[in-house]
Amino acid sequence: MKDQRNSLRWRLIIGLLLLTLSAILAVFAHFTPYFPGDVRAMQFVQSLNSPFLTSFMTIVSQGFTGLPAVVLVIACVVIVWWRLGKLEAIFMVVTGVLSPIANLLKLFIRQPRPPASLAEIVVEVGGLGFPSGHAFFAAMILGIVVYFVLKYASSPPLKVSLVSGLTFIILLVGYSRVYLGDHWVSEVIESYIIAGGLLLLLTIPYERRKATQAPSQKVNRV
């Protein structure tokens, strides 16, 4: 019990630190069109291009917005409910509900997207850039799945495979946004920082609620 309290306390501290860091970066982004190193990072990423890679990155990016994003959330909720239970599915829904936060933050930060004078705009989307909504959504939805896998997967090979695969997809989505010229690297990193902080804070009420459940309601490892 003491170990759990210490774990939750550290999650709270780290989560708040991450959100504080994200707030500092957001203030900086409000007063500058891009961060130091953004242009050079963008040029490096876009220099590694090919027709196939451009098509692939476009597909990856489109898979985490609009209808595909809704389908992904619903699929994750159904699978989590089936394999773990109702409480886990509820927290899965909460992450989906929180995913539009990135678009709300854009309205306050108001940092523009990369201009055509500094980046090759493969897919013109318009609007504001900081933070990346696609990267934030991927980190939130797949991040909570990673948490459940780490907590409940009993097979080490399965755990390593799933965590590695999900983490790769999260990073790939962020990379695709830079590759397509829609976001600076700093905008993607900010999305991951916010998502990491929120996910850490979300696990606290989940762990506390789980601790109060009857033994018959506990989740079996999968």
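**Exercise 1.** In which loop is Arg 110 found?

*Solution.* Start with the ground rules. This is a predicted model, where local features need pLDDT of at least 70, side-chain atom pairs count only at pLDDT 80 or more, and totals for chains, interfaces and linings use all residues. Residues are numbered from 1 along each chain as its sequence is written, and side-chain values use heavy atoms, with hydrogens and water left out. Now find the residue. Arg 110 sits in the loop between α6 and α7. Helices here are DSSP runs (H or I, at least four residues), numbered from the N terminus. Next, check the backbone. Arg 110 is not a glycine, yet its phi is positive, about 60°.

**Exercise 2.** Which residues does a cis peptide bond join?

*Solution.* The bond links Phe 130 and Pro 131. Its omega is about 0°. Then place the proline. Pro 131 lies in the loop between α6 (101-109) and α7.

**Exercise 3.** Describe how α3 packs on α8.

*Solution.* Take the axes, which are lines fitted to C-alpha atoms over the stretch in contact, with angles from 0 to 180 degrees between N-to-C directions. The axes of α3 (residues 51-62) and α8 (residues 156-179) come within 9 Å and cross at roughly 120°. The two helices are therefore oblique to each other. Angles under 35 degrees count as roughly parallel, over 145 as roughly antiparallel, 65 to 115 as roughly perpendicular and the rest as oblique. List the partners, taking contact as heavy atoms within 4.5 Å. From α3 they include Leu 53, Phe 56 and Met 57, and from α8 they include Leu 172, Val 173 and Tyr 175. Sort the contact residues: eight are nonpolar, three polar and one charged. Ala, Val, Leu, Ile, Met, Phe, Trp, Tyr, Cys and Pro count as nonpolar, Asp, Glu, Lys and Arg as charged, and the others, Gly among them, as polar.

**Exercise 4.** Describe how α8 packs on α9.

*Solution.* Read the geometry. The angle is about 150°, and the axes are 9 Å apart. So α8 and α9 are roughly antiparallel to each other. Name the residues. α8 brings Ile 170, Leu 171, Gly 174, Arg 177 and Val 178, while α9 brings Val 185, Val 188 and Tyr 192. Count the classes: six nonpolar, one polar and one charged. Arg 177 of α8 also takes part in the contact with α3.
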